Amino acid sequence: MPQQVRAVVARSKGEPVGVETVVVPDPGPGEAVVEVRACGVCHTDLHYRQGGITDDFPFLLGHEAAGVVEAVGEGVSEVAPGDFVVLNWRAVCGQCRACRRGRPWYCFATHNAARPMTLEDGTELSAALGIGAFADKTLVHAGQCTKVDPAASPAVAGLLGCGVMAGLGAALNTGNVGRGDSVAVIGCGGVGGAAVMGANLAGASKVIAVDIDERKLATARKLGATHTVDSRSADPVEAIRELTGGFGADVVIDAVGVPETYRQAFYARDLAGTVVLVGVPTPEMTLELPLLDVFGRGGALKSSWYGDCLPSRDFPALIDLHLQGRLDLGAFVSETIALEDVEEAFARMGAGEVLRSVVVW
């Protein structure tokens, strides 16, 4: 039988969100109902609330989540009721041209649940990134559930569902940071902080954190940055070059995603170095670079989608590293809050006061 649950809904552009009653259908073929245990408050949810992604209101927000599978539909074999899972928004299809070429992290036909969750009056909800996890329970495609060790705290495990995985993956997967590399990370919020941690985990000899907020730079040092640059008072390109013998960093990760920071990343890398864009630009942004510089500097200009992660491969491995004490994912949890506190958490996030507020049940 369909279930009525509490959930955070954004009814119109820019309006405060509220907790409402939402109807969750029974799982159909290939689907699962998950009892949510924790869900991080991510910038992407705020973008949905502000109408910055689509205008397909009303939205059921929340996507950076962990929980326990309650029920599965016909044909589901990868997870079962009782499994502790991290939800992901790129459930690979296994059939598209990217999957068939052995690059499933680029899957072009990812799965979502076939039926929508609704308000009590039957109004269909658009689930944020196909998940909608600011809710007591949510309906997802079973491929969006990745089973991990239940010894991990849900508040920590759920962060792999989006921002922390995006940052870790920007360094480990997209940037392919190796032992002895020099790395610079521009923008040290949740995603950038995770990129700092990922570069450190990969064995980078120098990890340079760049931000305009001293609080974030202090946090970056705790996450593994060997050097910091306050770009309010110093030219980040010159500072990064000075810290790397005048050459520039081997890998520069732009975790902001605006033209100014991308140009900084482009010129702050060494010849034949790599730029990784993981910060998400807005549709109206454009970039202009001298084509001769693009050619002459060589190297690679990459975009990192979800940290180029493969959830079935990366989530369990990262949770294991966390449980072994080698990856302090708990460092990203600034506070735990109730479902009713999401609107206030958006304000604290916008003010740069937190890495992550996490709703816990």
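This is a predicted model: local features need pLDDT of at least 70, side-chain atom pairs count only at pLDDT 80 or more; totals for chains, interfaces and linings use all residues.

Biologist: What makes a residue part of the lining of the second largest pocket, and how many residues line it?

Modeller: A lining residue has an atom within 4 Å of a point. By that criterion 14 residues line the second largest pocket, and N88, G143, C145, T146 and S312 lie nearest its centre. Strand 10 (145-147) and helix 10 (311-323) are the elements that give two or more residues to this lining. Strand 10 provides the largest share, three residues. By class, the lining has seven nonpolar, four polar and three charged residues.

Biologist: Why is strand 11 called largely enclosed?

Modeller: Buried means under 20% relative accessible area. Five of the five residues of strand 11 are buried, and therefore the strand is described as largely enclosed by the rest of the structure.

Biologist: How do you know which faces of strand 11 are covered?

Modeller: In a regular strand the side chains alternate between the two faces of the sheet. In strand 11, S182, A184 and I186 are buried on one side, and V183 and V185 are buried on the other; both faces are covered.

Biologist: What makes strand 11 and strand 12 a pair?

Modeller: Two strands pair if at least two bridges are found between them. Among the partners, A184 is bridged to I208 in strand 12. Strand 14 (residues 249-254) and strand 15 (residues 269-277) are likewise parallel, with five bridges; there, D254 has L277 of strand 15 as its bridge partner.

Biologist: Why are strand 13 and strand 16 called edge strands?

Modeller: Six strands form an open sheet with parallel pairing, in the order 13-12-11-14-15-16. Strand 13 (227-230) and strand 16 (300-303) each pair on one side only, and are the edge strands for that reason. The twist from one strand to the next averages 15 degrees.

Biologist: Across which strands does helix 7 lie?

Modeller: Helix 7 (residues 236-243) lies across strand 11 (182-186), strand 12 (206-211), strand 13 and strand 14, and runs at about 165 degrees to strand 12.

Biologist: Why is L339 called buried?

Modeller: L339 has a relative accessible area of 3%. The cut-off is under 20%, so L339 counts as buried. L339 is placed in the loop between strand 17 (335-337) and helix 11 (342-350). Leaving aside neighbours within four places in sequence, the contacts of L339 include R6, V19, F134 and W361. The C-alpha atoms of L339 and F134 are separated by 6.9 Å, although the two residues are 205 residues apart along the chain.

Biologist: Are N176 and Y306 buried or exposed, and what is the phi value of each?

Modeller: Exposed means over 50%; N176, at 57% relative accessibility, therefore counts as exposed. Y306, at 3%, falls under the 20% limit and so counts as buried. Phi is near 50 degrees in N176, a positive value in a residue other than glycine, and near 55 degrees in Y306, also a positive value in a residue other than glycine. N176 is in the loop between helix 4 (163-174) and strand 11, whereas Y306 is in the loop between strand 16 and helix 10.

Conventions:
Residues are numbered from 1 along each chain as its sequence is written. Side-chain values use heavy atoms; hydrogens and water are left out. On a 1 Å grid over the protein atoms alone, a cavity is a set of points where a 1.4 Å probe fits but cannot get out, and a pocket is an open set with protein on both sides within 12 Å along at least five of seven lines; lining residues have an atom within 4 Å of a point. Helices (H or I, at least four residues) and strands (E, at least two) are DSSP runs, numbered from the N terminus. Ala, Val, Leu, Ile, Met, Phe, Trp, Tyr, Cys and Pro count as nonpolar, Asp, Glu, Lys and Arg as charged, and the others, Gly among them, as polar. Axes are lines fitted to C-alpha atoms, for helices over the stretch in contact, and angles run from 0 to 180 degrees between N-to-C directions. Contact means heavy atoms within 4.5 Å. Buried means under 20% relative accessible area, exposed over 50%, partly exposed in between (1.4 Å probe, protein chains only).
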